Amino acid sequence: MNIPKVSIVVPVYNVEQYLDECVQSLLNQTLKDIEIILVDDESPDDCPQLCDKYAQADKRVKVVHKKNGGLGLARNSGLEVSTGEFVTFCDSDDYVALDTYEQCYEIAKRAGADEVRFLYKRFSGKANYQLEGCNVRLCQSADLIEKLDPMLKNMAGLLHPQSLDIKSTASSCTAIYRRSVIKEKCIRFYSERILICEDFIFNIDFAAACNLIVFTENEFYNYRHNNNSLTMTVKSDRFDQNIIFADFLSDRLVELSYPDAKIFANGHLLGCLLAFVKQIFSSHLSVKEKKYLYQNKIDYQRIKAVLNTYPLKNKPLMTRIRIKIICLQSFGLCYILENVKNNVFQKKQRFNIFSFKLLCKKKL
């Protein structure tokens, strides 16, 4: 029986307009010895039929049709039927560079690594298929702290020096994993409907179980950026979900003897607080609706308890100011600050775009 070098699990739900761009980037990988597992999570559009057509046209494609259960459980369904030496994940509205898995597989084999991590870049509009080529700079680690730090740094600022100076993400879509480790240690995704940021916990569990991770700064993965994401409906229970996740994260890191686990998890919670407030004030909700969310959907007692032990002085000045003002629970003051901050950011963006265009004209 031929064992594919890499299994690619693709959860599919309501992405009819983007699915082909994603699948074509997988079918045309320079590494041909792969299997593509399309997991139809009871998609309400034509995606189920499209998945079946891909399977009929290419024997490397498998399709799993299942009852809707969300992203995490869809990935688990793909894991159950995967047979590759390594496994990875790709969201069905994104795409990858055409040599992604060949480059990563070769790195893994050369280093004897259980995981190879890479980076992503944002895009909007049409996919731009290309070969990325591999950067020379690689970092590898078998030490648990070094394995975790590059990923965890994305969730909150580290309180201790980071010995492995390398960029990383905490996404399961930006890595390939040795499948035998997942199988032997029964590593699975939690449902994001129960525990948000399910990618992070999967990566923490895998890092604790594996022997060696190699980090590369290649931007192999292409993440579809929705420019209107901040104007979408604000999820009123988002902050409560982040509290549950922060407590879970703290417990998991304590189990692994990660330094300053509780403080680190609280730092992540403060970041989620700022993101939630930003989403409230950037939304298209009425002022009355924004005020209700601000006053009733933030656990101010929890935040004040966090600040009693958290070294806020390590945060940037503007971050400290924003958190302090939020804790005053003054909707008007916070409303003014967030709008001023957003206006400054937008003006800075416009200035950068103007400067870039001016530079291009000079070069021409």
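Colleague: Which residues form a nonpolar patch on the surface, and how much accessible area do they have together?

Modeller: This is a predicted model. The patch is made of L317, M318 and I321. One of them, I321, sits in helix α12, residues 317-327. Together the three residues have an accessible area of about 260 Å².

Colleague: Is I321 buried, partly exposed or exposed?

Modeller: Buried needs under 20% relative accessible area, and exposed needs over 50%. I321 has 32%. That value puts I321 in the class partly exposed.

Colleague: How many of the nine residues of α1 are buried?

Modeller: The buried residues are L19, E21, C22, V23, S25, L26 and L27. Helix α1 is therefore largely enclosed by the rest of the structure. The buried count in α1 is seven of the nine.

Colleague: Now the charges. How many salt bridges are there?

Modeller: Side chains of opposite charge can pair when their charged atoms come close. The criterion is a side-chain nitrogen of Lys or Arg within 4 Å of a carboxyl oxygen of Asp or Glu. By that rule the count is 21.

Colleague: D33 and K5 meet in a salt bridge. How many residues apart in sequence are the parts it ties together?

Modeller: The N to O distance is 3.5 Å. D33 lies in the loop between α1 and β2, while K5 lies in the segment before β1, so the pair ties together parts that are 28 residues apart in sequence. D33 is partly exposed at 21%, and K5 is partly exposed at 26%. The separation asked for is 28 residues.

Colleague: Which residue meets R75 in a salt bridge, with 3.2 Å from N to O?

Modeller: R75 belongs to helix α3, residues 71-81. At 1% relative accessibility, R75 is buried. The partner lies in the loop between β4 and β5, 16 residues apart from R75. That partner is D91.

Colleague: What is the N to O distance between K109 and E85?

Modeller: K109 is in helix α4, and E85 is in the loop between α3 and β4. The two are 24 residues apart. K109 is partly exposed at 44%, and E85 is partly exposed at 23%. Their salt bridge has an N to O distance of 2.9 Å.

Colleague: Last, the backbone. What is the phi of C186?

Modeller: C186 lies in the loop between α6 and α7. C186 is exposed, at 62% relative accessibility. It is not a glycine, although its phi is positive. The value is about 50 degrees.

Colleague: And what is the phi of C197?

Modeller: C197 also has its place in the loop between α6 and α7. Its relative accessibility is 21%, which counts as partly exposed. Its phi is positive, in a residue other than glycine. The value is near 60 degrees.

Conventions:
Residues numbered from 1 in each chain as written. Predicted model: local features only at pLDDT ≥ 70, side-chain atom pairs only at ≥ 80, totals over all residues. Heavy atoms only, no water. Patch = residues over 30% accessible without salt bridge, like charges linked within 9 Å, V, L, I, M, F, W, Y side chains within 5 Å. Areas by Shrake-Rupley, 256 points an atom, 1.4 Å probe, with all protein chains shown as cover. Helix = DSSP H or I, 4+ residues; strand = E, 2+ residues; numbered from the N terminus. Buried < 20%, exposed > 50% of the residue type's maximum accessible area, 1.4 Å probe, protein only.
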